[in-house]
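Biologist: Hi! Could you walk me through this model before I set anything up?
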Amino acid sequence: MNTVVENHFIDAASNRHLDWLESEAIHIMREVAAECTNPALLFSGGKDSVVLLRIAEKAFRPGKFPFPLVHVDTGHNFPEVITFRDKRVAELGERLIVGSVEDSINRGTVRLRNPKTDSRNAAQAVTLLETIAEHKFDACIGGARRDEEKARAKERIFSFRDEFGQWNPKAQRPELWDLYNTRVHPGENMRVFPISNWTELDVWQYIAREKLELPPIYFAHEREVIPRNGLLVPVSELTPPRAGETVEKQIVRFRTVGDISCTCPVSSDAATVEAIIEETAVTQITERGATRMDDQTSESSMEKRKKEGYF
């Protein structure tokens with residue numbers, strides 16, 4: 001049964017809305033299991049993939065998941081997130097496959113000007129495609145949502161990728177009446193987004209209702225940051241201050257997690273899920289627009305990466 005949080009953060013109407021979203025996501029998850037030969041679920045330890053795990057539990061428990069969990073590890077992740085990832089996988093007793101960008105660099109399939117400090121976020125596309133090819137996955141389930149970014153707003157729930165792993169927005173299949181065409185030829189694959197229709201607020205309300213645990217960096221904490229180009233860059237070995245920049249200590253939290261080199265926190269004193277829901281309800285900036293340096297290089301940044309195989 002659904003757990004209902006009886007407070008003003010999730011009223012009866014919101015709870016019915018979450019029920020509908022959950023039901024749709026469970027249907028999509030089961031459709032993947034029924035129609036795809038060798039699927040996988042991408043799990044990074046971030047909030048959206050934590051929600052996907054709960055959806056998978058509701059879709060398939062008490063049995064095992066009909067797919068492994070997969071994480072494309074840049075090697076530049078926040079340590080709190082990797083610790084949480086491993087803890088959650090152990091609790092579930094499921095299998096985790098880790099594709100390593102570092103291994104791709106060592107193989108020579110990923111080339112960076114400075115492998116130690118350059119952002120590896122875009123390089124994930126190569127490692128993901130290599131992981132898909134190695135394990136012959138015909139579908140990868142992920143937590144992307146249409147409200148995150150303009151290119152993702154173009155996505156279908158079942159997003160077809162060609163034999164090169166590339167996404168062509170003009171070659172996507174119709175999804176009338178929630179009917180999905182999952183057929184692929186060898187080498188082709190699907191990227192599937194069960195929470196495509198969710199918003200950031202929906203995600204946080206669902207986290208509250210289901211009482212889901214998250215990495216601590218999602219909540220307000222003190223951190224050294226550098227104000228830069230309208231963002232707060234976290235101070236680390238990968239992101240040191242530049243000449244003339246001032247390091248400040250601020251109370252911040254992360255709205256999304258990813259490669260340290262391009263993921264920024266936001267100023268916030270929201271230390272609980274309820275406080276984050278209040279904050280999210282009034283924000284007018286998308287989470288990627290507020291926190292991802294790589295998405296600010298141009299309006300077509302994400303679309304270019306998706307066409308190269310990025311999730």
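Modeller: Happy to; we can go through confidence, the sheet, a helix, some rings and a hairpin.

Biologist: Great. What kind of model is it, and what is the mean pLDDT of the chain?

Modeller: This is a predicted model. The chain has a mean pLDDT of 86, with 84% of its residues at 70 or more.

Biologist: Where is confidence lowest, and where is it highest?

Modeller: Confidence is lowest in helix α10, residues 301-307, with a mean of 55, while α2 is highest at 98.

Biologist: Good to know. How many helices and strands are there in the chain?

Modeller: There are 10 helices and 10 strands. Of the 311 residues in the chain, 55% are buried. Taking contacts between residues at least 6 apart in sequence, 73% join residues at least 24 apart.

Biologist: Let's do the sheet. What is the strand order?

Modeller: The order is β3-β2-β1-β4-β6-β5, six strands in an open sheet with mixed pairing. The edges are β3 (96-100) and β5; each has a single partner strand, so one side of each has no neighbour in the sheet. From one strand to the next, the twist averages 30°.

Biologist: And for β5 and β6, parallel or antiparallel?

Modeller: Antiparallel, with four bridges joining β5 to β6. Arg161 is opposite Asn189 of β6. On the other hand, β4 and β6 are parallel, paired over three bridges, and there Ala139 sits opposite Met190 of β6.

Biologist: Which way do the side chains of β5 point?

Modeller: Phe158 and Phe160 point one way, and Ser159 and Arg161 point the other way. All of these are buried, Arg161 included.

Biologist: What lies across β2 and β3?

Modeller: Helix α3, residues 79-92, does. Its direction is at about 165° to β2 (69-73).

Biologist: Switching to α1. How does its span compare with what it should be?

Modeller: It agrees: at 1.5 Å a residue, the 24 residues of α1 (12-35) should span 34 Å, and the end C-alpha atoms are 35 Å apart.

Biologist: Which of its residues are buried?

Modeller: Among them are Leu18, Leu21, Ile26, Ile28, Met29 and Val32, and the buried set also includes Ser14, Asn15, Glu22 and Glu24.

Biologist: What do those buried residues pack against?

Modeller: The buried residues of α1 pack against the strands β1 (39-42), β4 (139-141), β5 (158-161) and β6 (189-192), along with the helices α2 (47-60) and α7 (200-210).

Biologist: How many aromatic pairs does the structure hold?

Modeller: Six. One of them is Phe60 with Phe67, an edge-to-face pair at 5.7 Å centre to centre and 85° between the planes.

Biologist: Are those two buried or exposed?

Modeller: Phe60 and Phe67 are both buried. Ring pairs also bring in Phe65, linking Phe60, Phe65 and Phe67 into a cluster.

Biologist: Last topic, the hairpin of β7 and β8. Which residue there takes a positive phi?

Modeller: Asn229, with phi near 55°; two residues lie between the strands in that hairpin. Strands β7 (221-228) and β8 are antiparallel, paired over four bridges, and Val225 has Pro234 of β8 as its bridge partner.

Biologist: And the side chains of β8, where do they go?

Modeller: From β8 (231-234), Leu231 and Val233 point one way, Leu232 and Pro234 point the other way, and all are buried.

Terms used: Residues numbered from 1 in each chain as written. Predicted model: local features only at pLDDT ≥ 70, side-chain atom pairs only at ≥ 80, totals over all residues. Heavy atoms only, no water. Expected span 1.5 Å × (residues − 1). Buried < 20%, exposed > 50% of the residue type's maximum accessible area, 1.4 Å probe, protein only. Contact = heavy atoms within 4.5 Å. Phe/Tyr/Trp six-rings, centres within 6.5 Å; stacked < 30°, edge-to-face > 60°. Pairing = 2+ DSSP bridges. pLDDT = per-residue confidence, 0-100. Axes fitted to C-alpha atoms, helices over the stretch in contact; angles between N-to-C directions.
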